[in-house]
Amino acid sequence: MPKWTARLTVINTTNQDLKLASKYIYNGNSIVSFPEIIPAKNEGVYEIFTPSGKPLGPEFKISLVAQTDKQNSLGSFEFHVDIPYWSSRNTLQYHCNRDLTCQVSPSTIYDSDHNYNGEVKIGARVTNDAENKKILSEKVSS
């Protein structure tokens with residue numbers, strides 16, 4: 001049984017640091033890289049592998065929260081990849097909330113694949129003055 005890997009490169013294009021709020025790494029997986037903080041305008045890599053000869057596949061979950069001391073958080077990003085050894089059904093899920101945007105590539109993992117090497121670009125949602133005025137007026141009128 002060869003080594004299987006799961007790798008996600010996170011590109012933080014925001015002006016806020018991304019902090020690892022929670023993590024899950026399947027028992028028996030080995031960590032290559034798992035940063036606690038990805039500074040603003042930088043990137044980090046989350047990578048694990050299953051050692052050769054082990055009957056298990058890579059799985060990890062992360063939750064990253066945008067934060068800074070001076071501004072409100074832009075939101076959070078959640079990611080989960082599971083490549084089980086015992087099943088050909090792979091899982092890839094992700095979600096951004098509030099004012100964060102995320103573009104994951106590839107955004108799917110095919111069943112029976114043994115590795116995942118992806119990238120996510122995390123950015124800040126841009127709103128213009130007209131949108132802000134509309135949101136404010138909707139809140140006031142409700």
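Start by selecting Cys102, which lies in strand β9 (residues 100-105); helices here are DSSP runs of H or I with at least four residues, strands are runs of E with at least two, and both are numbered from the N terminus. The model is a predicted one, in which local features need pLDDT of at least 70 and side-chain atom pairs count only at pLDDT 80 or more, while totals for chains, interfaces and linings use all residues. Residues are numbered from 1 along each chain as its sequence is written, and side-chain values use heavy atoms, with hydrogens and water left out.

**Around Cys102**

With Cys102 still selected, show its contacts, meaning residues with heavy atoms within 4.5 Å. Leaving aside neighbours within four places in sequence, Cys102 is in contact with Phe77, Tyr94, His95, Cys96, Val120, Lys121 and Ile122.

Next, colour β9 together with β10: the two run antiparallel and are joined by 6 bridges, where strands count as paired if DSSP finds at least two bridges between them. To find one of these bridges, select Leu100, whose partner in β10 is Ala124.

**Across to β1**

From β10 (residues 116-124), move to β1, which pairs with it in the parallel sense over 7 bridges. Select Leu8, which sits in β1 (residues 4-12) and has Gly118 as its bridge partner in β10. Leu8 is buried, with a relative accessible area of 0%; buried means under 20% relative accessible area, exposed means over 50%, and partly exposed lies in between, for a 1.4 Å probe and protein chains only.

Beyond residues up to four places away in sequence, Leu8 touches a set that includes Val45, Phe60, Ile62, Phe77 and Val120. Gly44 also touches Leu8, and the C-alpha atoms of Leu8 and Gly44, 36 residues apart along the chain, are separated by 8.4 Å.

**Into the core**

Now select Phe60 and Phe77, which touch the most other members among the 28 residues of the largest nonpolar core, a core being a set of buried Ala, Val, Leu, Ile, Met, Phe, Trp, Tyr and Cys residues joined through side-chain atoms within 4.5 Å. At least two residues of this core come from each of β1, β2 (17-25), β5 (43-50), β6 (59-67), β7 (76-82), β8 (91-96), β9 and β10.

**The open sheet**

Colour β4, β2, β6, β7 and β8, which in that order form an open sheet of 5 strands with antiparallel pairing. At its edges stand β4 (37-38) and β8, each with a single partner strand, so one side of each is left without a neighbour in the sheet. Within the sheet, β6 and β7 pair over 7 bridges, and Ile62 has Phe79 as its bridge partner in β7.

**A loop residue**

Finally, select Asn90 in the loop between β7 and β8, which is buried, with a relative accessible area of 11%. Its side chain reaches the backbone oxygen of Asp113 at 3.0 Å, and the residues touching Asn90 include Asp82, Pro84, Tyr110 and Ser112.

**Zooming out**

With everything shown, the protein has 1 helix and 10 strands, and buried residues make up 37% of its 142 residues. Among contacts between residues at least 6 apart in sequence, 55% join residues at least 24 apart.

Notes
Polar contact = N/O pair within 3.5 Å; in protein donor to acceptor, adjacent residues only side chain to side chain.
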